[in-house]
Amino acid sequence: MLYLDEDASFASVKSGDVDVATIDITQARENVTGYNLINLPSGRAQGVSFPMLNDTGLKTEKGDKIGNNVTADPAIRKALNIGINRQKNC
């Protein structure tokens, strides 16, 4: 069993290196000889993550900002948490 991101998973399908793979819906349009597309409900949990640190000017090695003054505010995070409809099926 391999744990690959969807692009690497689909590349493994196209090269014939795997028997079964999870792929992105956009890749489902492409036919690959020897493989059948099967649609199954996903057990994958989805979530949203916000920076919890204030912006201090630090950056990652890739140059991305570390921190966000808005999402670091506990009142903002609490309001977003209250506003999420957890019962609605998407």
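Just after α1, G16 has a positive phi of about 80°. Helices here are DSSP runs (H or I, at least four residues), numbered from the N terminus. This is a predicted model in which local features need pLDDT of at least 70 and side-chain atom pairs count only at pLDDT 80 or more, while totals for chains, interfaces and linings use all residues. Residues are numbered from 1 along each chain as its sequence is written, and side-chain values use heavy atoms, with hydrogens and water left out.

**Helix α1 and S9**

- D5 caps the N-terminal end of α1, with a side-chain oxygen 3.0 Å from the backbone nitrogen of D7.
- The buried residues S9, F10, S12 and V13 belong to α1; buried means under 20% relative accessible area, exposed over 50%, and partly exposed in between (1.4 Å probe, protein chains only).
- They lie on the same side of α1 because they cover an arc of only 155° around the axis, the arc being that of the directions from the helix axis to the C-beta atoms.
- S9 sits in α1, which spans residues 6-15, and S9 counts as buried because its relative accessibility is 7%.
- Apart from neighbours within four places in sequence, S9 is in contact (heavy atoms within 4.5 Å) with L4, A21 and T22.
- A polar atom of the S9 side chain lies 3.0 Å from the backbone oxygen of T22. A polar contact is a pair of N or O atoms within 3.5 Å; within protein, one must be able to donate a hydrogen and the other to accept it, and residues adjacent in sequence count only if both atoms are side-chain atoms.
- S9 and R86 are 77 residues apart along the chain, and their C-alpha atoms are separated by 30 Å.

**The loop between α1 and α2**

- Q27 is in the loop between α1 and α2 and counts as buried, at 10% relative accessibility.
- The Q27 side chain reaches the backbone nitrogen of D24 at 2.9 Å.
- With neighbours within four places in sequence set aside, Q27 is in contact with E6, D7 and F10.
- R29 is also in the loop between α1 and α2 (74-83), but R29 is exposed, with a relative accessible area of 72%.
- From C-alpha to C-alpha, R29 and K62 are 33 Å apart in space, and they are 33 residues apart in sequence.

- The largest pocket holds about 1200 Å³ of space. A pocket is an open set of points on a 1 Å grid over the protein atoms alone, where a 1.4 Å probe fits, with protein on both sides within 12 Å along at least five of seven lines; lining residues have an atom within 4 Å of a point.
- Among the 33 residues lining the largest pocket, V20, A21, T22, I23 and I38 are the closest to its centre.
- The lining of the largest pocket comprises 18 nonpolar, 10 polar and 5 charged residues.
- The second largest pocket holds about 190 Å³ and is lined by G47, V48, F50, R77, L80, N81 and I84.

Conventions. Helices (H or I, at least four residues) and strands (E, at least two) are DSSP runs, numbered from the N terminus. Grid points are joined across faces, edges and corners, and a volume is the space filled by probe spheres set on the points. Ala, Val, Leu, Ile, Met, Phe, Trp, Tyr, Cys and Pro count as nonpolar, Asp, Glu, Lys and Arg as charged, and the others, Gly among them, as polar.
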